Amino acid sequence: MSCPSQELTLGDVVVQQDAHGRYSFNDLHRAAGGEPRHQPSNFLRVVLFP
């Protein structure tokens, strides 16, 4: 199943979308300021081991 791609721009960052309509978590992180303490790779560590 393929979703039509819609461009999402936050500030000056274009957030990529895949064929299934999912947005890039890395692009969203960059658009939110890109602080290392909020990087996507920390997500499971923070959720599973608070």
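Is D27 buried or exposed? In this predicted model, local features need pLDDT of at least 70 and side-chain atom pairs count only at pLDDT 80 or more, while totals for chains, interfaces and linings use all residues. Residues are numbered from 1 along each chain as its sequence is written, and side-chain values use heavy atoms, with hydrogens and water left out.

With a relative accessible area of 8%, D27 is buried (buried means under 20% relative accessible area, exposed over 50% and partly exposed in between, with a 1.4 Å probe and protein chains only). Its salt-bridge partner is R30, and the closest N and O atoms are 3.0 Å apart. A salt bridge here is a side-chain nitrogen of Lys or Arg within 4 Å of a carboxyl oxygen of Asp or Glu. R30 is partly exposed, at 48%. Helices (H or I, at least four residues) and strands (E, at least two) are DSSP runs, numbered from the N terminus.

The structure holds 3 salt bridges. Another of them joins D18 to R22, with 2.7 Å between the closest N and O atoms; D18 is partly exposed at 29% relative accessibility, and R22 is exposed at 53%. E35 and R37 also meet through their side chains, at 2.7 Å from N to O. Here E35 is partly exposed, with 37% relative accessible area, whereas R37 is exposed at 60%.

Turning to the strands, D12 sits in the loop between strand 1 (8-10) and strand 2 (13-15). D12 is exposed, at 75% relative accessibility. The C-alpha atoms of D12 and A31 are 7.6 Å apart, although 19 residues separate the two along the chain.
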